[in-house]
Amino acid sequence: MERQAVTAWPATKPREKEDSLVSAARSGDRAAFGRLYDRYARMVHGILLARVPPREVDDLVQEVFLLALRQLHALRDTSRFGAWLSTITRNRANDYFRKSIPDHKVTEPVSEGQAENRPGNDAAEREAAVILAVVRALPEPYREPLILRLVEGMTGPEIAARTGLTHGSVRVNLCRGMQLLREKLGEAVKGPS
């Protein structure tokens with residue numbers, strides 16, 4: 001049975017009043033929570049993709065939203081829903097590693113060689129796996145914005161609005177992250193000196 005990717009979401013309408021969506025979802029309106037899901041699923045997917053094995057991401061996206069639904073009453077400031085959801089997502093990624101992988105394995109980054117040698121991959125999948133491995137090896141401030149931009153297709157302002165970061169920090173992290181990514185990919189193409 002082929003798994004369906006979580007990344008095929010419809011484009012969201014112009015920014016609805018998010019506070020009212022969050023308030024309605026708190027009151028039990030499942031349709032409002034569904035609109036929040038539509039708006040934030042790419043962000044959650046991207047944050048998880050930056051942190052956990054790709055094969056686990058789709059299931060964890062669902063777990064994050066279930067947890068958010070259960071904990072929505074604990075959100076103090078409805079205008080901070082995106083930042084709150086980002087925190088839940090990062091914590092769920094951390095929990096994944098605490099529960100499933102011995103401590104010494106958590107600190108071992110995936111190398112390009114490991115990504116290239118996975119069985120059954122065609123050339124495009126191997127290339128994507130190498131690029132993802134390089135992005136995941138970058139310093140943390142650059143990983144999430146790059147994946148949200150390059151994989152999830154979010155704009156800089158959209159990343160800032162969804163994650164609660166400032167526009168300036170997102171712009172700087174994307175710029176510096178792209179520079180590092182180009183350097184690392186250039187090194188990977190050249191091979192070891």
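Which residues in H2 meet which residues in H3? Arg30, Phe33, Leu36, Tyr37, Tyr40, Ala41, Val44, His45, Leu48 and Leu49 in H2 meet Pro54, Val57, Asp58, Leu60, Val61, Gln62, Val64, Phe65, Ala68 and Leu69 in H3. Contact means heavy atoms within 4.5 Å. This is a predicted model: local features need pLDDT of at least 70, side-chain atom pairs count only at pLDDT 80 or more, and totals for chains, interfaces and linings use all residues. Residues are numbered from 1 along each chain as its sequence is written, and side-chain values use heavy atoms, leaving out hydrogens and water.

**Overall**
- The protein has 10 helices and zero strands. Helices (H or I, at least four residues) and strands (E, at least two) are DSSP runs, numbered from the N terminus.
- Buried residues make up 39% of the 193 residues. Buried means under 20% relative accessible area, exposed over 50%, partly exposed in between (1.4 Å probe, protein chains only).
- Of the contacts between residues at least 6 apart in sequence, 67% join residues at least 24 apart.

**Helix H3**
- H3 covers residues 54-71; at 1.5 Å a residue its 18 residues should span 26 Å, and the end C-alpha atoms are 26 Å apart, which agrees. The expected span is 1.5 Å times one less than the number of residues.
- H3 bends by about 30 degrees at leucine 60. The bend is the angle between axes fitted to the seven residues ending there and the seven starting there.
- Val57, Asp58, Leu60, Val61, Val64, Phe65 and Ala68 are buried in H3.

**Helix packing**
- The axes of H2 (residues 30-49) and H3 come within 9 Å and cross at roughly 140 degrees. Axes are lines fitted to C-alpha atoms, for helices over the stretch in contact, and angles run from 0 to 180 degrees between N-to-C directions.
- H2 and H3 are therefore oblique to each other. Angles under 35 degrees count as roughly parallel, over 145 as roughly antiparallel, 65 to 115 as roughly perpendicular and the rest as oblique.
- H1 (residues 18-26) packs on H2 at about 130 degrees, with the axes 8 Å apart. This pair is oblique too.
- Glu18, Leu21, Val22, Ala24 and Ala25 in H1 meet Ala32, Phe33, Arg35, Leu36, Arg39 and Tyr40 in H2.

**Valine 22**
- Valine 22 lies in H1 and is buried, with a relative accessible area of 0%.
- Not counting residues up to four places away in sequence, valine 22 touches Leu36, Leu72, Leu75, Thr78 and Phe81.
- Valine 22 and histidine 73 are 51 residues apart in sequence and 9.8 Å apart in space, C-alpha to C-alpha.
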